[in-house]
Amino acid sequence: MIDFTFTQEQEDFRKQVADFTASKIAPKAKEMEQNKTADKEVVEAIKQAKLTGVFIPKEYGGLGLGYVARLIALEEIAKVSPGVSMMLQIFGLGIEPILKSGNDDQKQRYLPGLSSGEKLATVAVTETTGGSDPTGIETTYTKEGNYYILNGRKIMLTNAPVANTFVVLAKDPNNPKAFSTFIIEDNFEGFKRGKDWNEIGLHGCSVGEILLQNCKVPQENLLGEEGKGMRVAMSAIGEVGRGGMVGVGLGIISTLLEQSVNFSKKRILYGKPISNLQTIQNKLAQMKLDLEISRLLGYRAASMQDKGQRCDLEFAMAKYYTTEAAQRCAKMAVDIHGGYGVVEESIVTRFLRDSFVLGPSAGTSDIMMVIIARAAIG
């Protein structure tokens, strides 16, 4: 039996997040867009609502609602602020490697604080030499006594300015095929924040870089097995990272469709609403199709994730389709709005910029197509 409806618990959670978004995020949306950074009050509200711990098990202080609920939360928040949704999704990306690959001690030390929002996490993989191909990273680690010493620079990290817990991928300089993953805190010796990065959209979150200069990491902060960290990092990106991008994209498409329908009914041309025009109807139909297809792909993958099934291919397909659809729908929404679609104050203009940040995040569309093609070829 296939059931495409939310459980009562999930529907209740969706309504709670929608109410939270309307009261805590919506009033700050324009301000965040102007300041191009995360809002401290919004971050604090997210902590208080325990939205950082949606999929963390209750035994570690989380809500224990699973990955479908995480997608629900991201979609609802992104309807108002894709930037805040992006911030929350990256918190989850930083949590996932500890939840799935951490030992009992690491889970006990970090997950309760990450659940409550006392600690905020992100993943540090991208470098100037390694993005879509993480094997190109140059950050290195060496073992000295009871510590690992890391050196390198990680860039374009969402949440870097506000996070205090970083899951960092580094390589063994003596073995180019050996990569390890570490949990690094911002108070470790040799850790330093770099400059902030300004993106064209998603202004409800902050992006920056970190510098590791002989950073001393206790050996107990090695995440997973030494030399096998690539699997730890990429597994999290492949499912939680790409799943999060789907959630942000869904919220964008949903709002663009709603805005376009409302505008087309009110905009009068030749004495009639432009919603009567077949050209406009075709665009609205395509947007509706894109929304429903994206939802089916995304929630199917998240449902598989909740069941413990492998779903990296399903998330690759969902991430590709949804992020491409978000850009496509943003273009159509601008077309429908005409001149009103290109003024700074317009939601459509803001979401257009936001949509174009989704493409490169958690793997480019070209990389998603490679993954999908390999699966098709077998």
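Reply: **The packing of helix 5 and helix 6**

The axes of helix 5 (residues 82-101) and helix 6 (residues 104-116) come within 10 Å and cross at roughly 150 degrees. The model is a predicted one, in which local features need pLDDT of at least 70, side-chain atom pairs count only at pLDDT 80 or more, and totals for chains, interfaces and linings use all residues. Residues are numbered from 1 along each chain as its sequence is written, and side-chain values use heavy atoms, with hydrogens and water left out.

Helices here are DSSP runs (H or I, at least four residues), numbered from the N terminus. Axes are lines fitted to C-alpha atoms over the stretch in contact, with angles from 0 to 180 degrees between N-to-C directions. Helix 5 and helix 6 are therefore roughly antiparallel to each other, a term for angles over 145 degrees. Their crossing is left-handed, that is, the near helix is turned anticlockwise from the far one by less than a right angle.

On the side of helix 5, the contact (heavy atoms within 4.5 Å) is made by Ile 95, Ile 98 and Leu 99. Helix 6 contributes Gln 106, Lys 107, Tyr 110, Leu 111 and Leu 114. By class, six of these residues are nonpolar, one is polar and one is charged. Nonpolar covers Ala, Val, Leu, Ile, Met, Phe, Trp, Tyr, Cys and Pro; charged covers Asp, Glu, Lys and Arg; the others, Gly among them, are polar.

Notes: Helix = DSSP H or I, 4+ residues; strand = E, 2+ residues; numbered from the N terminus. Parallel < 35°, antiparallel > 145°, perpendicular 65-115°, else oblique.
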